[in-house]
Amino acid sequence: MKIYNACLLALLLLFAACSKMDDTYKQFIKNGEIPYAGSVDSVKVFPGDNRIQLSWLVSDPRVTKAKIYWNNKSDSLDMVLKRQYDVDTINVILFPIAEGAYSFDIYTFDDEGNKSIKVSTTGQVYGERYISSLLPRPVKSALYSNGKVAITWGSADTHVTGTEIRYTDAGGTVQHISVPVDSNTTTLSNFLFSDNTDLAYTTVYLPDSSAIDLFKTAYEAIAVKGPPVEYAKTGWTAIASDYDEPSGRGPANAIDNKASTVWHMSKVAGLTYPRTITVDMGTINLAYGFTFTQRTPLDGPLKLIEIEVSDDNTTWQPLGAFTLLSAADKQYIDLTETVSFRYFRVIVRSDYKNGNFSALAEVGVYKR
C-alpha cells in the first residue's frame, strides 16, 4: 500500500512539472509554431585594405536572402542570394569599411520572410594605421662594380612576402624587379651608377594568411656605394708594438704597396698576442673600410683583429672586431658607417695556427 501511494505521488509531481513546462512553452507558441529559416554555416572572414570579405555556406533550399549587421547594428547590408546548388557558398565583400576590429551578425530569410537564428563572427580591417606601422626590409649593403649592383638584404619580418625594386638601367629604362622573401642577395645588371642614381624599393606585407590584400611600405631609396678606391699611401708612416728585428721586417713593409714584403712580428720567446701596428696617414680621410692582404704563401695568417681610429693619436675610437679570411686575395672590410680619422691601429688577437706571432703583407684604407 505504501509503495502504491509513493508511485501515485511521483506521477502527480511529474504531471505538475510537465504542466509548468507546457505553460512556459505555450507563451512562445500561443500564436502558433515559429518557423525559422536555415542559418548560415562555416563562416569565414578574410581581412583586407579598408574592406573585408565574408564567406559562408547555405544549405536550406528555402533561403533566398541574407542580412549582415555590424557596428552594433548601425550598419547593415541586405543581400539577395542566387541559389544554384543544394549547398551554396556565398561570398560578399564589404567596402569601404573603416580600419578596425568588427563583430558581424548574419541572418538569412526565406521567401515567406522567416528569419534564421543569428550567427556571429569577428574580423579585422586594415588601413593607413597598419601601413604606417610597417618597416622596410633592412638593406645591409648595395655595392656597385662593373655595371652591376649587388644588394645584400637583412632579415625580413615574418609577415613579409617579398620586395619590389625600381631602378633605371644604363639605357634609361625603368626596371621593376620582384625579390622573393627568402632571397638574401639580389644582383641588378646593366646598372647606371652616378650621383643621380635612381634605386628604390618597397617591402610587401601580408598581415594574415587569409588576407585578400597585400600591403606595401613607401618606397625607400637605396644608397649605392661605388667600387672601393684605396687612398694612396704616400707619406704614410707606421710603428708597431714589435717586429722581427733580426730580419728587418718592420711595420713600414705593411704600407709599401708590395705584397712581397711583410711586417713580421717578433719571435722572441715569451711575446704573444695582442700585437699592434699603428699608421699615421698624415691627414684626416673619410673611410668606408679597410683592406688587408695576408702574406703568401699562407702560413698562419692573421685571424681575429680589432681596429681603432684617432684624430690626435691620443683619444681612440674602437670600430669593432673583425675576422680575416685565410686567403691570398686582398680583403675588404666594410664599415657599417663611414668614419673620418688620421690615425688607425690594428690590434692582432690571433692567427690561424693558434701561435704567438704572424705576419701581414699590406693594410690600407678605402673610400668609394
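The protein chain has a radius of gyration of 38 Å, whereas a compact globule of 368 residues would have one near 21 Å. This radius is taken over C-alpha atoms, and the globule rule is 2.2 Å times the number of residues to the power 0.38. Along the principal axes, the C-alpha atoms fill a box of roughly 125 × 70 × 35 Å. The model is predicted: local features need pLDDT of at least 70, side-chain atom pairs count only at pLDDT 80 or more, and totals for chains, interfaces and linings use all residues. Residues are numbered from 1 along each chain as its sequence is written, and side-chain values use heavy atoms, with hydrogens and water left out.

The protein chain holds 2 helices and 23 strands. These are DSSP runs numbered from the N terminus, helices being H or I of at least four residues and strands E of at least two. Of the 368 residues, 40% count as buried. Buried means under 20% relative accessible area, exposed means over 50%, and partly exposed lies in between (1.4 Å probe, protein chains only). The chain exposes about 21,000 Å², and carbon and sulfur atoms supply 52% of that area. Accessible areas come from the Shrake-Rupley method with a 1.4 Å probe; for residues, only the protein chains shown count as cover. Among contacts between residues at least 6 apart in sequence, 67% join residues at least 24 apart. A contact means heavy atoms within 4.5 Å.

The interior was examined next. In soluble globular proteins, nonpolar side chains tend to be buried together. The largest nonpolar core has 30 residues, and F290, F292, F341, F344 and V365 have the most contacts inside it. Two or more residues each come from β19 (275-294), β20 (304-310), β22 (331-348) and β23 (359-367). Strand β22 gives the largest share of this core, 7 residues. A second, separate core has 22 residues, among them I52, V63, L81 and V125. A nonpolar core is a set of buried Ala, Val, Leu, Ile, Met, Phe, Trp, Tyr and Cys residues joined through side-chain atoms within 4.5 Å.

F290 lies in strand β19. F290 counts as buried because its relative accessibility is 0%. Leaving out residues up to four places away in sequence, F290 touches partners including I307, V309, L319, F341, F344 and V365. The C-alpha atoms of F290 and P228 are 9.5 Å apart, although 62 residues separate the two along the chain. With neighbours within four places set aside, the contacts of F344 include W236, I277, M281, F290, W316 and V363.

A salt bridge is a side-chain nitrogen of Lys or Arg within 4 Å of a carboxyl oxygen of Asp or Glu. By this rule the count comes to 17. In one of them, K67 pairs with D78, with the closest N and O atoms 3.6 Å apart. K67 is in strand β3 (residues 63-70) and D78 in strand β4 (residues 75-80), 11 residues apart. K67 counts as buried at 18% relative accessibility, whereas D78 is exposed at 57%.

E362 and K233 form another salt bridge, at 2.6 Å from N to O. This pair spans 129 residues, from E362 in strand β23 to K233 in the loop between β16 (229-230) and β17 (237-240). Both E362 and K233 are buried.

A further bridge joins D242 and R275 at 2.7 Å, N to O. D242 sits in the loop between β17 and β18, and R275 sits in strand β19, 33 residues apart. D242 counts as buried because its relative accessibility is 13%. R275 is also buried, with a relative accessible area of 1%. Salt bridges that share partners join D60, R62 and D110 into one network.

S266 touches both members of the D242 and R275 pair. S266 is found in the loop between β18 (263-264) and β19. At 6% relative accessibility, S266 counts as buried.

I117 lies in the loop between β6 (100-110) and β7 (119-125). I117 counts as exposed because its relative accessible area is 55%.
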